[in-house]
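Hi,

Here is the structure I promised to pass on to you. Have a look at it first, and then read on for my notes.

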Amino acid sequence: MNKYTFFLFLAILSVFSCTPDDDGIGTGFLNLNFKAEFDGEPLVMFNEYDYADTKLLFSQADFYITHVEVEDVSGVVQNLDAVRFLDFTTVNKNADNAAEGITYFYNDLIIGEYDKIRIGIGVDAENNKKKPADFDSNNPLSKTGYYWTAWDSYIFMKIQGQYDEAKDGTFGLGYLFHTGKDELYRTIELPGTFVIGEDTTTIEVGIDFKKLFNTSSGLFDIPANPVNHDPDNLGPIQMISDNLSEAVYMKQ
Amino acid sequence: MDIDLTGIAYTPSEYTPIFPASFPELEEPEDNPMTTDGVLLGRNLFYDNILSADSTMSCGSCHFQEFSFTDNLAVSEGIDAIAGTRSSMSLLNIGFYYEGLFWDGRSTTLEEQALLPVEDPIELHHTWPELIDKLQVHPSYPELFRKAFGISFSSEITKELAAKAIAQFERSIVSSTSSKYDRVEDGSDSFSDEELLGRDLFFDENPDVPDAECGHCHAPPLFTTNEYFNNGIEQVETLDDFPDLGRGLVTDRFDNGKFRVPTLRNIEFTAPYMHDGRFSTLEEVLDHYNSGGHPALNVDQNIRPLNLNQEQLDALLAFMKTLSDTEFLNNQIYSDPF
């Protein structure tokens, strides 16, 4: 190898090097760890939780997230995920799993300082024009159980469980809230500084399901309206969607 | 005796089933693409009593085409006349079911599922080694396996290849486009007033009629979401009291009493109903759902008293009958070749 070839080799090597250069290009790693909670405690399916002067339990709590993004301090946005399905119904069946939550790993991110995470709760309008049959079975949007023909929309979030209306431990009242349609899609912006570097950064994102039931006059009266899955008759599901901005937070 | 099959041509040709445009893609495993000869071999095996220890039964003994591949029994019996505990499920569109097979979802693929009934003591009660021995010296199967999978010698016939062939045939069992529902969907037909009312009830489509909530679990185009639910048919004190744990046998006790949602396509031909065939008629099924069923910790919250009147129940039944596909029931490509 002559000296010209050698220097050419070094130049090529530097272009394809994985170490960050002054332009901030490099490989950074991030874990987003989503945790379902109820009043600050891990949300475990079928566990009893205090609610107003009685208790309730959850048998289902799951939802789509779309357009997950991180934004650095200079305003550069990176898309992390197009669509995911957070299935706390299946995962959160015991305290250990609930405490662990659901983690997604991202690589090839720009190394630097960040101050925002942005998460769409539900199915964005573009994807919401499609149907489950448009996707292969590995895609979260292939779930026919999360598409409602009458709405021409995906079901964004399902919250179901039982409520102890008699306050005697019998949990005799079932409740069901399904959100959907474009009007109930919410983009949540989570402010908070963090650094993405060559060592994996883990950010915890909490979803406090109790806060979804907040109203101006206290907790929502579930017995008064225990079933709502009709976006043309907005009630509890509008409340749940609007409360996402308070319920979803970056844990630091 | 190991038969040399290399003198038989192996020229696989792709098999492409035709089904309604609203269906998702039919996904085939990379190691078992559908071919004309693969489906043919599978169809032969499916209906061949050679699968059972005493040569009296086959898959087709519990899955009759005229009953949309069920057997019209509450629970099926095997070769020893021992009754099982669950009803034979319809195989219509089974190739699109990616969330588990059997009522409890214990098999994840058709290839895996096809292996089980042969050796099940209350079904075909055979052993795969004995069956393979028979297939390898059979007057016609070595050639069929050659044409389907390109094997060179009869000794290469294995249970895995047999299961693959059966899976290919099962994947080919798809709806035609001839049900009234599909004709309405493609614009070539229209519902009667009664069927329209039934449709509105089914899909909670009309604010002026009650919600029957059917579409939450029986969603189009397959009329099943392939999920697992407790639909309130069993009266229990706790989750541990279900006589059949169902999905809970595969996952955990919180899924006790849950079963896979069956398709409603051709439902009028697949009585009796539920995992144990407890309801003889669709009217009984509708009465159950209208009543709100039995509460349990894990019952789906769409199961609650519907307060439907008789006219509305009749309309639901009329709509469900628009899912009947008689062209499929009579299509010779799925029929017993023997």
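Predicted model: local features only at pLDDT ≥ 70, side-chain atom pairs only at ≥ 80, totals over all residues.

Let me start with chain A. There are five helices and 16 strands in chain A. Of its 252 residues, 35% count as buried. If you take the contacts in chain A between residues at least 6 apart in sequence, 74% of them join residues at least 24 apart.

Chain B splits into domain 1, covering 36–175, and domain 2, covering 180–322. The C-alpha centres of these two domains of chain B are 29 Å apart. Domain 1 of chain B brings 23 residues to the contact between them, and domain 2 of chain B brings 22 residues. On the domain 1 side, those residues are nine nonpolar, ten polar and four charged.

Now for the two chains together. The contact involves 23 residues of chain B and 18 residues of chain A. On the chain B side there are ten nonpolar, six polar and seven charged residues.

One residue to look up is Phe203(B), which sits in helix H7 (residues 193–203) of chain B. Is Phe203(B) buried or exposed? Phe203(B) counts as buried because it has 22 C-beta neighbours inside 10 Å, and the cut-off for buried is 20 or more. Leaving aside residues up to four places away in sequence, Phe203(B) touches Thr149(A) and Ala150(A), as well as Gly215(B). Gly105(B), in turn, is 98 residues from Phe203(B) in sequence and 26 Å from it in space, C-alpha to C-alpha.

Best wishes

Technical notes: Residues numbered from 1 in each chain as written. Chains lettered and ligands numbered in written order. Contact = placed C-beta atoms within 7 Å. Nonpolar A, V, L, I, M, F, W, Y, C, P; charged D, E, K, R; others polar. Domains from an automatic or database assignment. Helix = DSSP H or I, 4+ residues; strand = E, 2+ residues; numbered from the N terminus. Buried ≥ 20, exposed ≤ 12 C-beta atoms within 10 Å, placed from the backbone.
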